[in-house]
Amino acid sequence: MGNRVARILAVAVAGLFAGHVIVYRILAPGPLQRSVVAGGASHAYLPFALAIGLMLALAAGARTFRLGFRRATVPDTGQGRPSLASTLILLAVAQAVAFIALEVLERMLAGAPMGTLLGPLLIGVALQLVVGATGGLLLAGLDRAGEITGRAIAGRRRPAAPATEPHRWPPATPTQRHRPRSALLIRGPPARA
């Protein structure tokens with residue numbers, strides 16, 4: 001699995017659980033209503049899963065910023081900027097598919113009927129697409145911010161000293177262009193007294 005895909009999946013995990021919490025807050029604001037809408041499936045794991053997902057997303061965001069910074073400061077890293085469209089699409093689709101799988105798994109483990117799945121599924125998939133696209137925009141923004149920061153810092157650095165010796169005046173061996181006009185300007189050996 002590539003580094004970019006791992007970062008996108010880390011953000012998708014956070015978005016999946018955040019979107020999951022939001023969907024059930026929209027559909028059923030009270031705990032009893034949430035229990036009925038979820039078909040008896042327990043969501044007791046969601047706070048812990050959301051905390052883990054947010055930690056993964058923070059690490060992925062830091063890594064994305066660092067890669068953008070590195071691309072701007074280190075020549076020839078061989079890494080181009082990932083396209084915004086592919087990041088948005090990959091993240092949104094990954095979250096929507098994971099949401100469907102999570103809902104089916106929750107209902108299977110609870111022994112709940114699958115007939116109650118359609119309502120939360122439609123709203124949940126739409127919300128997961130929005131949350132996934134937002135996560136993709138955040139990743140792209142962090143990558144761009146890292147690149148801008150890297151360029152600003154690289155622009156402040158002092159240029160390296162030239163590899164050749166600086167030009168001295170007058171030249172050690174006079175060339176045609178640099179010959180003194182008068183013999184009086186040429187210094188000779190010291191005079192003996």
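Helices are DSSP runs of H or I with at least four residues, strands are E runs of at least two, and both are numbered from the N terminus. This is a predicted model, in which local features need pLDDT of at least 70, side-chain atom pairs count only at pLDDT 80 or more, and totals for chains, interfaces and linings use all residues. Residues are numbered from 1 along each chain as its sequence is written, and side-chain values use heavy atoms, with hydrogens and water left out.

**View 1. Overall fold of the protein.**
The protein has 5 helices and 0 strands. From the N terminus, the order of elements is α-α-α-α-α. Of its 193 residues, 29% are buried (under 20% relative accessible area; exposed is over 50%, partly exposed in between; 1.4 Å probe, protein chains only). Contacts are heavy atoms within 4.5 Å. Among contacts with a separation of 6 or more, 80% join residues 24 or more positions apart.

**View 2. The largest pocket and its lining.**
Helices α1 (3–27), α3 (46–73) and α5 each supply at least two lining residues. Helix α5 gives the most, 6 residues. By type, the lining has 10 nonpolar residues, 5 polar and no charged. Here Ala, Val, Leu, Ile, Met, Phe, Trp, Tyr, Cys and Pro are nonpolar, Asp, Glu, Lys and Arg are charged, and the others, Gly among them, are polar.

**View 3. E147 in helix α5.**
E147 sits in α5, which spans residues 118–156. With a relative accessible area of 5%, E147 is buried. Its side chain makes a polar contact with the side chain of R151 at 2.7 Å. For such a contact within protein, N or O atoms lie within 3.5 Å, one able to donate a hydrogen and the other to accept it; residues adjacent in sequence count only if both atoms are side-chain atoms. Beyond neighbours within four places in sequence, E147 is in contact with G68, F69, R71, A72 and R81.

**View 4. Q95 in helix α4.**
Helix α4 covers residues 84–110 and contains Q95. Q95 is buried because its relative accessibility is 1%. Residues up to four places away in sequence aside, Q95 touches V11, A12, G15, L16, Q128, V131 and G132.

**View 5. L117 in the loop between α4 and α5.**
L117 is buried, at 8% relative accessibility. L117 touches E103, V104 and R107, leaving out residues up to four places away in sequence. For V104, the C-alpha to C-alpha distance from L117 is 7.8 Å, across 13 residues in sequence.

**View 6. A18 in helix α1.**
A18 is partly exposed, with a relative accessible area of 24%. The C-alpha atoms of A18 and A49 are 9.2 Å apart. Along the chain, 31 residues separate A18 from A49.
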